[in-house]
Number of protein chains: 2
Amino acid sequence: MLSARLIGRRFSIRTCQARFATAAFPPRLNSVAAQDLAHFAKILPPSSILSTLPPISSSPDELDQFNNDWMGRFRGSSTTVLKPKTTQQVSEILKWCNERRIGVVPQGGNTGLVGGSVPVKDELILSLSNLNKVREFDPVSGILVADAGCILQNLTDYVAPHNHIMPIDLGAKGSCQIGGNVATNAGGLRLLRYGSLHGTVLGLEVVLPDGTVLDQLTTLRKDNTGYDIKQLFIGAEGTLGIITGVSILTPPAPQASNNVILALPSFQNVLPLYQTVKRELSEILSAFEFIDRTSYDLAVKHGQGRALSDEEIEGAECFVLVETSGCKREHDEEKLAALLENLLESDNPLINTGVLSQNPAQFSSLWALREGVTEAVSKEGKPYKYDISVPLSSFKEVVDKTREHLRSKGLLHEKAVKHVLGYGHVGDGNLHLNIVADSYLSEIQNALEPYIYEVVSSYRGSISAEHGIGYQKTHALHYSKDAVSIALMKKIKNVFDPNGIMNPCKDNQPIR
Amino acid sequence: MLSARLIGRRFSIRTCQARFATAAFPPRLNSVAAQDLAHFAKILPPSSILSTLPPISSSPDELDQFNNDWMGRFRGSSTTVLKPKTTQQVSEILKWCNERRIGVVPQGGNTGLVGGSVPVKDELILSLSNLNKVREFDPVSGILVADAGCILQNLTDYVAPHNHIMPIDLGAKGSCQIGGNVATNAGGLRLLRYGSLHGTVLGLEVVLPDGTVLDQLTTLRKDNTGYDIKQLFIGAEGTLGIITGVSILTPPAPQASNNVILALPSFQNVLPLYQTVKRELSEILSAFEFIDRTSYDLAVKHGQGRALSDEEIEGAECFVLVETSGCKREHDEEKLAALLENLLESDNPLINTGVLSQNPAQFSSLWALREGVTEAVSKEGKPYKYDISVPLSSFKEVVDKTREHLRSKGLLHEKAVKHVLGYGHVGDGNLHLNIVADSYLSEIQNALEPYIYEVVSSYRGSISAEHGIGYQKTHALHYSKDAVSIALMKKIKNVFDPNGIMNPCKDNQPIR
Ligand SMILES: Cc1cc2nc3c(=O)[nH]c(=O)nc-3n(C[C@H](O)[C@H](O)[C@H](O)COP(=O)(O)OP(=O)(O)OC[C@H]3O[C@@H](n4cnc5c(N)ncnc54)[C@H](O)[C@@H]3O)c2cc1C
Ligand SMILES: Cc1cc2nc3c(=O)[nH]c(=O)nc-3n(C[C@H](O)[C@H](O)[C@H](O)COP(=O)(O)OP(=O)(O)OC[C@H]3O[C@@H](n4cnc5c(N)ncnc54)[C@H](O)[C@@H]3O)c2cc1C
């Protein structure tokens, strides 16, 4: 697996960097000033304070990585980054900022994809990177308690010798932090099998904006004593408080993984296939990924594995990658082989062909077809990417509708939009809708938005399946949440952060 | 499986019925009066209104089943029960009650075990039993959308022909409703495998106290658009609003289930055994239940199955029941047999013996040993029951401490406490601590409480793993939740229900 930083490079950087120029920044928030630095110096050692302000006078370059987001799309102009090592320090910092009305941006690995992790203006950046100790791990229950700043990969490595795995896995794992994962309610590759963080996170320690420490860092699987308040911080993107500790259930590591790629004559077959596969593989099914023909062709064109022969893919409208993970390889192989046999021998076969991986190299090359679509798309042109949830049955319809819409606008040709394609996690109802253009053009952008949000909304879908709202999608929140929900969110925000210091201008804050 | 009503009979009824005599009822709430009935008659047909007040004048007997809780411990004196058929009707009723400041108790199957589902005084009872339609089921994704008043067993039957099961199962399934399950965040027998309702509930429709309908009835597995507000209603026990619709993920039905009972020489072996079993059975493990020797002996004494011979149980300090569920019987049997062989042939065997069920009858008789403890305990004497979460490693310690404590108070003898025993869901960290007395005595009660809550608190455990707080445990909430959490709960309550009409005197309401 590539480290997240390497994978990051694959993404094409948009030429026009959105600089938050139009953000309606809350006027009542203050900038960090000399008196604040003097106070922070009483809380933290010098090595934990970066600031372009005197007397510290760090060079602006040193703050660059904190002010710029992963994609290079969003840039803030914070003067000051604090890196506390303890929950107590986080508490003292927030207490001060709350009294002084200084905006605070919690920053984990800064791998978020919606501009949530960098300041809009010159808010203080509170980096969790020094809060990075494992607090405890119980190999019997598999419950891990860790500081929020622990990097996901490090936690994965930590539990591995105990035969456990983290319940989440994602491309950014070399950089993203467990606190950031929780704050964004990250999905990733293991959601189909282990469910969302709302189920696997057992407890949180959170510093509230006024510095109060909310200690719900329990290691209990079951606790029905009052409202489950910690749930609100899962996916709140740092707008309600700063997560400093996470208690999470880690599942036993599977002993074996297998996969197979299936070529389908028609999208119509994807859903009956999913049903068959779920029935036959049941508890060992760990991925059911969909790639349409355009995605496949682009992956192959740009060298992302060449697992199937021309003959095998003839007449295929789309492909499905099935992965199993279980505790006994032979059993899993037997089940997969039986599935394939049944599929091929049926009177009305749902698939044209299927290729089973026979060794680790083949296993990886099958995955490369699916995982390589992202890279292929970036090599092919300038991608517009939408991470949406819609009913499984409408995956193709959404892609087709978008293509037709662009065609009707006269934008479907070599000099404008070259391809419209879809791939994603069928099991999670999560479609990655990609529009590959020759170059970024405002006509295309205007044809796509709000069009796609409206389409998503017409299916009662989600405009952000995984990545959150952040700064990028705040204006579009109403496509997925109705007025009643948004009004309640504002009230909840007000309960936790009446002064609006937490991650201003992100999410659904009342100031907007 | 017995229906819940039948199982209910097994419970012994406490002689001294707690009548809420001491409840500090909010003085600003009004009783239902003639003008209210006149208004309700505009919303509902006559068949949906029960009231002892004129002009309806139902006989008090008709209201008995709504005023009395399942255990016969708590009794309210409501005059009026409304049974709306639609969300719109629920909304109109709540709007009126909110304006008129009438307390409202949402009631599902009325199987709750903490006095949450019956009125404390004469609050209006809003029964969900007529809101009982399945709204939609997608056999591909397994997502079910149903009215809150659907009975759990009916939903289980509904999805069965599609080869799906409900992600929860509990003894009360013949009576309890999915809305009640969500409102109590019910655990039950499938939690180890499918996780909690916080993960499996995808969406909710809730009528807020002022009649506003919060529509978050999405059928999406992934949706990261703003705070996940629906989570607050999961386990809120009807104190924030009335759940009218539930969207829930149903897993594919396993094709086969097997079980084995293991006799252990020492409790010390339970945890290493749990680790071994988790490693070897991994994804097919569906239950890992613990029974201490006292529980076993009582189960056998009172005729709850006789699966093991005297020889087999000789020297056993406790027992573990392991269940597997998977999609291929032969594979699962092979794994279980291999596990047993490894366990028995080890140099330092963790178990004395193990008995594998060979057919459905044996399967049931092994389960009877574990499930029969509840009945056996009731036959043996008067049980005091505590449903707690503590770290797995301290299960025995908690039981032993309680026994010693009772001994030190001179209460451990045939005329006072006869047995102290523990059994429960190791996989969930959920211990059922039972104290079997000759009769209910205030000395015993006083020796047990707050002692047990203090012990639980010292382990950072939960005083209510599954059953909730309701009326019964409101006074003890602070043993599991600190002041910061309780203060936040009150603020949240105030956001949703500023007039305090929802289920007054239950949970953590500000009026107390
Ligand atoms: C290569 C790559 C692959 C990815 N794959 C996936 C994927 O498969 N699935 C998916 O869901 N996402 C994916 N993402 C996006 C995902 O949101 C992030 O990778 C990750 O979850 C964020 O963690 P982070 O520590 O980097 O948080 P940041 O980027 O630092 O922060 C993200 C948000 O959380 C807040 N935050 C961070 N830490 C805390 C804290 N301790 N307390 C409170 N708030 C905090 C920030 O203020 C910000 O709003 C991917 C990103 C990249 C670059
Ligand atoms: C034999 C038996 C076995 C049980 N086994 C288990 C078990 O294994 N695990 C477990 O966790 N629990 C168990 N329970 C208790 C469990 O809480 C209930 O069985 C069930 O979850 C409650 O559902 P209900 O519809 O009967 O709710 P009720 O008893 O009617 O109500 C319970 C609470 O929820 C509220 N409520 C009900 N419906 C709604 C609604 N639609 N909207 C808002 N609030 C509502 C009520 O006001 C009340 O506070 C058992 C109970 C019995 C009698």
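A polar side-chain atom of A:N181 sits 3.0 Å from an oxygen atom of ligand 1, a polar contact in the sense of a pair of N or O atoms within 3.5 Å. The model is a predicted one, in which local features need pLDDT of at least 70 and side-chain atom pairs count only at pLDDT 80 or more, while totals for chains, interfaces and linings use all residues. Residues are numbered from 1 along each chain as its sequence is written, chains are lettered from A and ligands numbered from 1 in the order in which they are written, and side-chain values use heavy atoms, with hydrogens and water left out.

A backbone N or O atom of A:G108 comes to 2.7 Å from an oxygen atom of ligand 1, and a polar backbone atom of A:E237 is 3.1 Å from an oxygen atom of the ligand. On its own, ligand 1 has 970 Å² of accessible area, and the protein covers 96% of that (areas by the Shrake-Rupley method with a 1.4 Å probe).

As for the shell, 35 residues surround ligand 1, and the closest are A:P106, A:G108, A:G109, A:T111 and A:G112; a residue is counted if one of its heavy atoms lies within 4 Å. In chain A, β3 (104–107), α6 (178–184) and β9 (242–249) each put in at least two residues, with α6(A) giving the most, at five. Helices here are DSSP runs of H or I with at least four residues, strands are runs of E with at least two, and both are numbered from the N terminus. By type, the shell splits into 13 nonpolar, 20 polar and two charged residues. Ala, Val, Leu, Ile, Met, Phe, Trp, Tyr, Cys and Pro count as nonpolar, Asp, Glu, Lys and Arg as charged, and the others, Gly among them, as polar.

Two non-glycine residues have positive phi: A:S282, near 40 degrees, and A:N503, at about 45 degrees. A:S282 belongs to the loop between α10 (270–281) and β11 (285–292) of chain A, whereas A:N503 is in the segment after α18 (483–496). A:S282 is buried, with a relative accessible area of 14%, and A:N503 is also buried, at 1%; the cut-off for buried is under 20% (1.4 Å probe, protein chains only).

Cis peptide bonds turn up too. The bond from A:E449 to A:P450 is cis, with omega near 10 degrees, and A:P450 falls in the loop between α16 (442–448) and α17 (451–458) of chain A. In chain B, the bond from B:P54 to B:P55 is cis, with omega near 5 degrees; B:P55 is in the loop between β1 (49–51) and α3 (60–67).

Terms used:
Buried means under 20% relative accessible area, exposed over 50%, partly exposed in between (1.4 Å probe, protein chains only). A polar contact is a pair of N or O atoms within 3.5 Å; within protein, one must be able to donate a hydrogen and the other to accept it, and residues adjacent in sequence count only if both atoms are side-chain atoms.
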